[in-house]
Amino acid sequence: MHLEFTDLMNYTEWERRKCYEFLRRQDPAVLKMTAGPHGDGRMQTIGDIIRHVFMAEKRYVERLTGRSLTEFTAIPSDNLEALFEFGIQSRREYKELLESFPADEWDKMREMKILTYTVKVTPKKIVTHVLTHEMRHWAQIMTMLRWEGMTDDFHDFLFSPVFGGLIHSE
């Protein structure tokens, strides 16, 4: 038995839809809510973190395909529709990468510059990172919102439709 990228993509797509629908029901100012005082300076608001999730996906695709990196400020972090449209675009490009990437290249080390670091990793590790990175940040976002009194139902993998199953409350 093994987990495939498509399984994790299905989960993150479900999570994106749930978060989008949840955020649509909130005051639009939720995107401007602070991400807290102890960040690294790159993400100040909830909207900044969402943009970061989608931008990371897009930029890793760009890195693996040798394209120029998209400037993150081109996407407004205070517009829910624009953010999630960008997320649809980044996911489409991510899927295209997975479908077209040469099979003999997945395990070959690549060196790339990320922020102030030089990393040497395989494309397989990068595409796995994109998905786990997204999962971590959605959990972070939903936790911050819960601290502010904005609650939603479960977002856990167990409650997702991935691998089937049935959940009902007693």
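The expected span of a helix is taken as 1.5 Å times one less than its number of residues. In this predicted model, helix α4, with its 25 residues, reaches 36 Å from its first C-alpha to its last, which is close to the 36 Å expected at 1.5 Å a residue. Just after α4, G149 adopts a positive phi of about 90 degrees.

Helix α4, spanning residues 123–147, packs against helix α3, spanning residues 80–100, at an angle of about 155 degrees, and the axes of the two helices lie 11 Å apart. Because angles over 145 degrees count as roughly antiparallel, α3 and α4 are therefore described as roughly antiparallel to each other. The crossing in which α3 passes α4 is left-handed. On the α3 side, the contact is made by F84, R91, Y94, L97 and L98, while α4 contributes V127, V130, L131, E134 and W138. Sorted by class, the contact of α3 with α4 comprises eight nonpolar and two charged residues, with no polar residues. An α-helix has 3.6 residues a turn, so residues three or four places apart point the same way.

Elsewhere in the model, attention turns to charged pairs. A search of the whole structure finds 16 salt bridges, including one between E57 and R16, in which the closest N and O atoms are 2.9 Å apart. Since E57 lies in helix α2 (residues 46–65) and R16 in helix α1 (residues 5–24), this pair ties together parts that are 41 residues apart in sequence.

Methods
Residues are numbered from 1 along each chain as its sequence is written. This is a predicted model: local features need pLDDT of at least 70, side-chain atom pairs count only at pLDDT 80 or more; totals for chains, interfaces and linings use all residues. Side-chain values use heavy atoms; hydrogens and water are left out. Axes are lines fitted to C-alpha atoms, for helices over the stretch in contact, and angles run from 0 to 180 degrees between N-to-C directions. Helices (H or I, at least four residues) and strands (E, at least two) are DSSP runs, numbered from the N terminus. Angles under 35 degrees count as roughly parallel, over 145 as roughly antiparallel, 65 to 115 as roughly perpendicular and the rest as oblique. A crossing is left-handed if the near helix is turned anticlockwise from the far one by less than a right angle, and right-handed if clockwise. Contact means heavy atoms within 4.5 Å. Ala, Val, Leu, Ile, Met, Phe, Trp, Tyr, Cys and Pro count as nonpolar, Asp, Glu, Lys and Arg as charged, and the others, Gly among them, as polar. A salt bridge is a side-chain nitrogen of Lys or Arg within 4 Å of a carboxyl oxygen of Asp or Glu.
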